[in-house]
Amino acid sequence: DKLVVAILGATGVVGTQMIQCLEERDFPVERLVPLASARSAGKTVRFNGEDVTVLEATPDAFDGVDIVLGAAGDAQAKELLPEAAARGAVCVDNSHAFRLDADVPLVIPEINPEDIANHPRNIIANPNCATIIGLVPTWPLAQRAGLKRLIVSTYQAASGAGMPGLRELERESRVLAEGGEVGDTAPFAYQLAFNLIPQIGGFKEEAYTSEELKMQNEGRKIMHMPELRVNCTCVRVPVMRSHSESITVEFERPITPDEAREVLSKAPGVKVVDDPANLRYPMPLDTSDQDLVYVGRIRRDLSAPDGVSALTFWCCGDQIRKGAATNAVQIAEHLL
Ligand code: 2RA
């Protein structure tokens, strides 16, 4: 039977994409409850051919709701999702608020779907976009050869900063093309167009950023590898909506690039695009607006001590879809 589904943050980039994913995947929605701040209440969103009015997100707005997809920030998630949970709704939350809580499962359906059922607080957390896009291809290789260590560099799209990020990159690019000055570069600390910013989130311990520590902390929880060693560098790049990652994986057992390609060609959520002779490799322009993580540039890590138990590869995935909205809807499909 059909469900009452609320979207918290319905007018943002991820919330809008969640509504589109529900429609595309024919999720059994009896009634959509789009929720947002008072500022956005009264607007309408399009769902299944109808205009649905956006309501202000208050605790009572969750009365009668079966599933909540959370696309709001940490503060609003902390304030409102426990209210929704107390009213009997199961929440799939894309914020960072609950991701590392021991009694909240953190799930990538291709990796740990079995964790979904155990949600004592009626909250299930959606991982960070860079974590999802990096681990979807890493996991099947880890199952084949065992996982010791990850060295990751990410090249993260402007969309990670939401609609303001998308708009700012477009604005800067246009202003600069016209020979103007970019002025205020919010939400970015510096001009992003024709630049790279090696900071996403705040600086934490050991001069790592919060974004870089997510790869380690979320990766350990999702793959149930508390000893996993991760070294991550997260960089904001002038790309609209796909994140890219260069990943070197140190395995417990030997694995060749051909074996890796064979494993990945059968892996869920992955598309292998790896044909250097024909200049075929993943690029953000190819992966935007679809749900697969493309993987290529698969090669031996020539710097590895034994030369056979480490590989490097390159992957790209749509940050708004698989990196956030689609992953959350896929989790919700496991609740049906
Ligand atoms: C970013 N991963 O890319 C963070 C939040 N989406 O900004």
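Which residue of E14 is the bridge partner of Arg-300? In this predicted model, in which residues are numbered from 1 along each chain as its sequence is written, local features need pLDDT of at least 70, side-chain atom pairs count only at pLDDT 80 or more, and totals for chains, interfaces and linings use all residues. Side-chain values use heavy atoms, with hydrogens and water left out.

The bridge partner of Arg-300 in E14 is Leu-311. Strands (E, at least two residues) and helices (H or I, at least four) are DSSP runs numbered from the N terminus, and two strands pair if DSSP finds at least two bridges between them. Strand E13 (residues 293-300) pairs with E14 in the antiparallel sense over 5 bridges. Strand E11 (residues 242-251) also runs antiparallel to E14, joined to it by 9 bridges. Buried denotes a relative accessible area under 20%, exposed over 50%, and partly exposed in between (1.4 Å probe, protein chains only). Because 8 of its 9 residues are buried, E14 is largely enclosed by the rest of the structure.

Asp-318 belongs to strand E14 (residues 310-318) and is buried, with a relative accessible area of 0%. Opposite Asp-318 stands Ser-242. Contact means heavy atoms within 4.5 Å; beyond residues up to four places away in sequence, Asp-318 touches several residues, including Ile-133, Arg-241, Ser-242 and Gly-323.

The unreviewed UniProt entry lists Cys-129 and His-243 under "active site". Although spread over 115 residues of sequence, they cluster in space, with a largest C-alpha distance of 8.1 Å. UniProt positions are given in the numbering used here, feature names are shortened, and annotations may be inferred rather than shown by experiment. Cys-129 lies in helix H3 (residues 129-145) and counts as buried at 8% relative accessibility. Leaving aside neighbours within four places in sequence, Cys-129 is in contact with His-243, Gln-319 and Gly-323. His-243, in strand E11, is buried at 0% relative accessibility. A polar atom of the His-243 side chain lies 2.8 Å from the backbone nitrogen of Ala-157.

The annotation "binding site", also from an unreviewed UniProt entry, covers Gln-156 and Arg-236. These residues span 81 residues in sequence, yet no two of their C-alpha atoms are more than 4.8 Å apart, so they gather at one spot. Gln-156 is part of strand E9 (residues 147-156) and is buried at 1% relative accessibility. Its side chain makes a polar contact with the side chain of Glu-211 at 2.9 Å; such a contact is a pair of N or O atoms within 3.5 Å, where within protein one must be able to donate a hydrogen and the other to accept it, and residues adjacent in sequence count only if both atoms are side-chain atoms. Arg-236 is placed in strand E10 (residues 229-236) and is likewise buried, at 7%. The side chain of Arg-236 reaches the backbone oxygen of Ala-157 at 2.8 Å.

Helix H4 (residues 162-177) has 16 residues, which should span 22 Å at 1.5 Å a residue; the end C-alpha atoms are 23 Å apart, which agrees. The expected span is 1.5 Å times one less than the number of residues. Among the buried residues of H4 are Gly-162, Leu-166, Leu-169 and Val-175, and the buried residues pack against helix H1 (13-24). H4 is followed by Gly-179, whose phi is positive, near 80°.
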